[in-house]
Amino acid sequence: MSQSSLEFVLPDALATEALGAALARAYAAGVGTDASAAGAGAGAGSAMIYLHGELGAGKTTCVRSLLRTLGVAELIRSPTYTLVETYRPRGITCVHVDLYRLGGPEAVEELGLRDYLGTDCLLLVEWPAKGGSALPPPDLEVTLTYQDDSRRARLTARTQCGRVWIAKLVHDTSLASYVSNLT
């Protein structure tokens, strides 16, 4: 049976960035639900990550690092006010969504997120609880919490794609010093 969750202790922003970079490498290696080929670019498959956490917990820091690692060279804006920012590094469509200011689940449909489902697209959704059941289910949930002077990250797989993602992260040596529940 594959591992369905993984926990990390993130002592600083660099550790949060390392997590984002590792998530990107695993995605580019073909964790997406429609992945047919490994490697960055077309064929990475579709996948969705929900990012949970209080204000300032590191959600956007993690996403920015993930996007940089996938090859986004332009300015990566927080979608706090625009709600949706789209990037297309190396043939991959990445959609970064922040629902913090969303009026309610009924407003999710207006964002057009369903247009990206079934395509080679990585959807990254901050504050998914604001979207309720109007959002498609995630493959992976990332929950960032405060712990003393640092942060904790709990990754939970919700699909087979998510379990593959976690399996790839378990073998990413750049995260070894941050893993707290690897057995």
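Modeller: The axes of helix H1 (residues 13-31) and helix H2 (residues 59-70) come within 7 Å of each other and cross at roughly 45 degrees. Keep in mind that this is a predicted model.

Biologist: Why are H1 and H2 called oblique to each other?

Modeller: Angles under 35 degrees count as roughly parallel, and 65 to 115 as roughly perpendicular. The crossing of H1 and H2 is at roughly 45 degrees, and the two helices are therefore oblique to each other. The crossing is right-handed.

Biologist: Which residues make the contact?

Modeller: H1 contributes Ala 13, Thr 16, Glu 17, Leu 19, Gly 20, Ala 21, Leu 23, Ala 24, Arg 25, Tyr 27 and Ala 28. From H2 come Thr 61, Cys 62, Ser 65, Leu 66, Thr 69 and Leu 70. By class, the residues of this contact divide into ten nonpolar, five polar and two charged.

Biologist: Where do these helices sit in the chain order?

Modeller: The protein has three helices and seven strands, and from the N terminus on the elements run β-α-β-α-β-β-β-β-β-α.

Biologist: In helix H3, which residues are buried?

Modeller: In H3 (residues 160-170), Cys 161, Gly 162, Trp 165, Ile 166 and Leu 169 are buried; the cut-off for that word is under 20% relative accessible area.

Biologist: How do you know that the buried residues of H3 line one face of the helix?

Modeller: Seen down the axis of H3, they fall within an arc of 135 degrees, so they line one face. The buried residues of H3 pack against strands E1 (5-10), E2 (47-53), E5 (121-126), E6 (140-147) and E7 (150-157), and also against H1.

Biologist: What makes Arg 88 count as exposed?

Modeller: Exposed means over 50% relative accessible area. Arg 88 has 57% relative accessibility, so the residue counts as exposed. Arg 88 is found in the loop between strand E3 (84-87) and strand E4 (93-98).

Technical notes
Residues are numbered from 1 along each chain as its sequence is written. This is a predicted model: local features need pLDDT of at least 70, side-chain atom pairs count only at pLDDT 80 or more; totals for chains, interfaces and linings use all residues. Side-chain values use heavy atoms; hydrogens and water are left out. Axes are lines fitted to C-alpha atoms, for helices over the stretch in contact, and angles run from 0 to 180 degrees between N-to-C directions. Helices (H or I, at least four residues) and strands (E, at least two) are DSSP runs, numbered from the N terminus. Angles under 35 degrees count as roughly parallel, over 145 as roughly antiparallel, 65 to 115 as roughly perpendicular and the rest as oblique. A crossing is left-handed if the near helix is turned anticlockwise from the far one by less than a right angle, and right-handed if clockwise. Contact means heavy atoms within 4.5 Å. Ala, Val, Leu, Ile, Met, Phe, Trp, Tyr, Cys and Pro count as nonpolar, Asp, Glu, Lys and Arg as charged, and the others, Gly among them, as polar. Buried means under 20% relative accessible area, exposed over 50%, partly exposed in between (1.4 Å probe, protein chains only). The arc is that of the directions from the helix axis to the C-beta atoms.
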